[in-house]
Amino acid sequence: MGNKKQTNTPQGAVIKNILRYIKPYWLTVLATILFAAITVGLTLYVPILIGQAVDCIIGPGQVDFTGILRVMQIIALAVLLTSVFQWLMNRCNNHIAYHVVRDIRDKAFSKLTILPLSYLDQRQTGEVVSRIVADVDQFSEGLLMGFTQLFTGIATILGTLGFMVSLHGGITLVVVLITPVSLLVASYIARKTYSMFKLQSEARGEITSLIDEMVGNQKVVQAFSYEKKAEARFDVINDRLSRYSLRAIFFSSITNPATRFVNGLVYAGVGITGALIAANGGITVGVLSSFLSYANQYTKPFNEISGVVTELQNALACFARVFELIEQPAEVPDAPNAKVLSKADGSVDLEHVYFSYTPGQRLIEDLNLSVKPGQRVAIVGPTGCGKSTLINLLMRFYDVDQGEIRVNGIPIKKMTRESLRNNYGMVLQETWLRSGTIRENIAYGYPNATEEQVIEAAKAVHAHSFIRRLPQGYDTIVSEDGGNLSQGQKQLLCIARVMLSLPPMLILDEATSSIDTRTEQRVQQAFAKMMEGRTSFIVAHRLSTIQEADVILVMKDGNIIEQGTHQQLLEKKGFYHQLYQSQFAH
Amino acid sequence: MKGLLKYLNNYKKESVLGPLFKLLEASFELFVPLVMAKMIDIGIAGGDTGYIWWMGGILVLLGVIGLVCSITAQYFAAKAAVGFSAALRRDLFRHIQSLSYSEQDTLGASTLITRMTSDVNQIQSGVNLVLRLFLRSPFIVAGAMIMAFTISPQAALAFVVAIPLLSLVVFGIMKLTIPLYQKAQSQLDHVTKVTRENLTGVRVVRAFHKEEREKETFFAANRELTHTQLFVGKISALLNPITYLLVNAAILWILWSGGWETYNGALTQGAVVALVNYMSQILVELIKLANLIVSVTKALACGRRVQAVFDTKSTLTSPENAAPQPEQLPREIVAFEDVFFAYRGTQADSLSGITFRVSRGETVGIIGGTGSGKSSLVNLIPRFYDVRAGRVLVDGIDVREYSLDELRTKVGVVPQKAVLFQGTVRENLLWGNESATEPELLEALRRAQAMDFINSRPEGLDTVIQQGGRNLSGGQRQRLTIARALVRRPEILILDDSSSALDYATDAALRQALREIEGETTVFIVSQRASSIRHAGQILVLDDGVLAGLGTHEQLLESCPVYQEICKSQLTK
């Protein structure tokens with residue numbers, strides 16, 4: 001799952017989609033092509049002009065100054081125009097590239113907010129992030145920059161050919177015959193080095209994963225005095241990596257000198273044939289000098305194009321990955337006539353609910369439950385019994401496969417997700433805080449809260465005292481993933497966040513697992529107050545926290561195996577009794 | 001940064017020969033326009049075909065020599081760069097391994113990993129580029145100018161004016177854009193952060209129905225980035241047109257003054273062509289140089305980041321002369337004497353005035369609220385951190401007098417986070433003690449309550465564990481880490497809240513099994529559950545870094561209000 005899967009979208013569809021993103025900028029695209037054509041044409045024309053000027057300079061006493069002046073004026077004009085159009089071309093290019101990137105990112109992120117959780121839960125965060133960030137970047141660089149290079153490259157080749165033929169066919173033939181050698185050499189080397197690069201990147205992957213393990217878990221490494229052995233393993237891979245690297249780097253770096261050598265050959269070829277023809281008066285020295293600058297220019301785009309093609313392929317692959325994300329089917333939208341549940345009375349019914357994450361692996365089967373308004377429902381059971389799944393279904397993060405869940409007697413599929421979720425206050429075991437100030441985090445669900453309300457919520461969960469001790473109090477910035485707060489403190493903030501909005505139903509999934517028991521006890525009082533008159537679902541490991549629940553559901557393997565109050569369940573001497581004994585007795 | 005240069009020491013020869021051959025190649029390249037000029041002035045003007053062939057031959061020869069020189073140069077440069085980075089990576093890994101918990105806390109594992117991987121790679125390509133190209137471009141620029149002077153001092157004035165102007169433009173634009181690119185990079189980081197945050201918090205975002213607001217945040221960050229990118233783009237789009245303009249202006253000057261000089265007989269037609277060629281060469285080289293500087297700037301930044309790791313010295317090292325192991329092991333295995341401890345960079349002490357003594361074979365329970373200092377306390381025993389004041393004694397000797405290896409062999413630690421490594425179950429268990437026999441491994445697994453799960457796997461002990469133990473559940477991982485510590489047969493076993501993922505029944509069975517080794521092993525159990533520690537011979541109750549109670553369960557229930565409160569919340573029925 002974690003590795004970048006190759007997507008199997010056909011290339012045609014990918015390209016069609018790319019065009020869709022470029023379409024809004026079609027005028028700019030046209031302008032770019034036009035400017036590029038003009039730039040290339042003028043750039044190629046200048047050597048001819050310089051040649052003409054050279055022809056005006058023949059020898060002592062034989063210099064046509066009016067001629068030179070005239071040509072120089074044309075050169076000046078051509079150069080000026082080239083510069084202007086080149087600048088315009090670059091500007092247009094940037095405009096398209098950065099705007100297309102922005103559009104794709106906006107679209108991809110918007111998609112994230114409506115993707116079903118089943119998609120996101122199955123993927124690693126890093127992978128999705130890299131699609132939106134790195135892949136889009138690669139795409140813009142590769143495709144849009146590559147495209148201009150490809151276009152100007154081809155235009156340069158064709159233009160040069162045209163100009164050369166117009167000057168002298170024979171010399172052109174020499175250029176055309178020698179140039180492909182450079183291509184052959186380059187592709188030969190590229191093929192040879194490919195396998196070496198593969199070896200290098202394999203070794204690199206190996207060393208990265210070793211570093212990842214050993215440095216990432218260094219505390220354990222040191223606790224077991226494993227450092228020396230880790231170093232020995234590292235050295236073996238490091239040696240292999242440097243052997244492969246040397247070969248890969250050296251062989252790939254031959255490309256440059258080799259193609260430059262071929263360029264030199266072209267130059268010499270043009271020089272010799274041109275000079276021989278010029279000696280017989282076939283062409284002027286000016287024409288020869290134009291040819292010489294063409295000889296330098298002509299081979300360059302060939303070398304570039306081979307690089308551009310790989311870049312384009314890479315860009316397509318990157319886009320395909322982003323595209324796959326954007327094209328994912330979104331969550332089933334709310335039904336068109338979906339009701340808005342304004343304020344739930346708190347009755348929740350589950351009828352013949354079936355659910356599983358992966359087809360074929362049964363999890364929840366024929367689950368029935370009827371919760372009256374204001375009841376406290378506790379859910380207990382061993383890890384993996386389906387407690388969190390139940391919450392996923394209640395909040396409609398996942399849809400049931402079969403059966404129905406009703407709130408206020410209305411099937412939740414027939415109400416808007418927004419109104420359903422607005423009626424639940426949720427505190428999860430995983431404490432998630434947004435980067436921003438403490439105040440912003442507490443007021444996340446209720447941005448219009450006054451300062452007093454925020455402080456009151458913090459006081460209710462006994463977070464006020466620690467917040468006040470922070471350097472900037474309520475304005476302290478919570479860093480990414482809340483790194484500057486302890487797990488317990490983060491959990492208190494999450495509870496305060498729900499305290500402030502206080503919806504009619506509550507879901508507490510191991511909401512106090514990271515809080516020490518003494519603080520927890522105090523928070524419990526706040527919880528108790530909060531739960532008054534509210535339907536609450538409480539998942540907890542610690543049985544002490546749920547004894548006062550109106551009904552306790554004991555879950556095992558996706559089924560409710562026991563149900564009743566604490567006292568009833570203890571008397572039953574069933575699974576709950578067992579759990580309880582292991583926790584409290586010895 | 002300079003400190004890193006020492007890694008080139010073993011490649012002195014290569015570091016000198018690489019650039020040298022590159023310069024040789026460049027010099028031969030500089031001769032090309034001159035040869036061409038001769039061809040025009042003598043060969044064409046005199047109609048001497050033999051001379052033309054002769055000069056053409058020289059052109060090819062120059063090409064061949066250039067090829068040989070540059071391939072040689074590439075080889076030496078690659079060898080030096082790769083050797084450099086291999087040595088650097090090796091030392092960096094060793095250095096990082098030597099950093100104590102304190103430095104790891106400050107630096108953070110993820111930056112250490114990027115510095116070891118992508119930063120070192122960047123530096124490697126930087127070194128390679130510098131060796132190959134850094135001398136070449138300025139050399140060609142200077143060389144072309146000198147050549148121009150030998151042809152015609154007057155026409156060469158164009159070079160004297162154009163080169164500084166060109167350099168000014170190229171480097172001016174770079175100076176403007178590099179900080180802007182850095183700004184764009186940090187804005188991209190922001191975009192990344194918003195995306196990551198929304199993925200990790202997707203349930204909360206949706207529960208509070210804040211999708212639209214999160215979108216706005218993202219759009220704003222995205223727009224900021226685009227804005228900066230467009231702005232830098234505007235500036236760097238100027239580079240090519242301006243340099244093109246300047247070079248051609250210089251060529252115009254060459255043509256004009258070259259025309260006059262030729263008219264006066266001071267120059268030839270071929271010489272004018274050569275001057276024009278030199279000017280074009282300079283343009284190409286300056287652009288290359290600019291690209292090079294961008295890469296080198298990146299490499300330098302990476303170099304500084306790597307150097308910063310080297311500059312972080314471990315504050316915790318083995319003493320030069322480790323204390324000799326006492327012949328008669330004292331009865332008292334661990335003792336804390338008025339210990340104060342503070343984490344690096346914090347003002348307040350995490351532990352203050354802790355004093356207690358533990359006899360060999362005793363089981364010690366440590367309980368207290370979140371952040372009360374439980375983990376900090378046990379981390380002092382294997383000397384993962386140093387005390388700020390007071391002493392920690394193991395077998396009657398201050399832990400700072402032991403060699404770290406020897407001390408840590410006495411201690412088996414099961415950390416809070418159950419970390420396993422890529423490899424088989426067997427390999428992971430052998431971390432504890434390399435020479436453990438198969439029955440010993442099985443015995444450890446049995447005690448750690450991991451037997452049933454190993455038995456359920458067809459490969460048994462050779463079951464492969466994926467990186468990070470992804471293919472195991474939290475409870476299975478935890479049981480294996482406990483087994484790993486047991487394999488060590490340590491004198492002191494520390495369980496740092498390491499049964500949290502186990503259900504209560506398994507936890508109870510584990511405690512029962514640990515009781516079997518009571519007497520030979522001293523066990524420290526850190527827990528939030530009173531039930532896990534109530535049978536310990538000695539219970540330490542921590543409250544805000546202070547020892548709030550010390551004694552058996554019964555004693556504490558009578559005398560320690562903090563302990564009473566904890567038990568009341570957990571054990572009352």
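Predicted model: local features only at pLDDT ≥ 70, side-chain atom pairs only at ≥ 80, totals over all residues.
1. Leaving out residues up to four places away in sequence, P257(A) touches L67(B), S70(B), I71(B) and Q74(B). The residue sits in helix α8 of chain A, which covers residues 227-279.

2. For a sense of distance, take I207(A), 50 residues away along the chain. The two C-alpha atoms are separated by 31 Å.

3. Next, the contact between the chains. Chain B contributes 119 residues and chain A contributes 116. On the chain B side, helix α2 (residues 49-98) gives the most, with 25 residues. By class, the chain B side divides into 56 nonpolar, 44 polar and 19 charged residues.

4. Within chain B, look at helices α4 (residues 109-134) and α10 (residues 269-311). Their axes come within 8 Å and cross at roughly 140 degrees. Angles over 145 degrees would count as roughly antiparallel, and 65 to 115 as roughly perpendicular; α4(B) and α10(B) are therefore oblique to each other. The crossing is left-handed.

5. Which residues make the contact between α4(B) and α10(B)? From α4(B), they include L112(B), V120(B), I123(B), L129(B) and F134(B). From α10(B), L292(B), V296(B), A299(B), C302(B) and V306(B) are among them. Charged residues also take part, including R115(B) and D119(B) on α4(B) and K288(B) and R305(B) on α10(B). The class count is 13 nonpolar, 5 polar and 5 charged residues.

6. Chain A holds an open sheet of 6 strands with mixed pairing. The strand order is β8-β11-β12-β5-β13-β14. The twist averages 15 degrees from one strand to the next.

7. One end of that sheet can be checked by residue. Strand β13(A), residues 551-556, runs antiparallel to β14(A), and 5 bridges join the two. K556(A) has N559(A) of β14(A) as its bridge partner.

8. Helix α10 of chain A, residues 387-394, lies across β5 (376-380), β11 (505-509), β12 (535-539) and β13. Its direction is at about 150 degrees to β11(A). Take care with the label: α10(A) spans residues 387-394, whereas α10(B) spans residues 269-311.

Methods: Residues numbered from 1 in each chain as written. Chains lettered and ligands numbered in written order. Pairing = 2+ DSSP bridges. Helix = DSSP H or I, 4+ residues; strand = E, 2+ residues; numbered from the N terminus. Axes fitted to C-alpha atoms, helices over the stretch in contact; angles between N-to-C directions. Contact = placed C-beta atoms within 7 Å. Parallel < 35°, antiparallel > 145°, perpendicular 65-115°, else oblique. Left-handed = near helix turned anticlockwise from the far one by under 90°.
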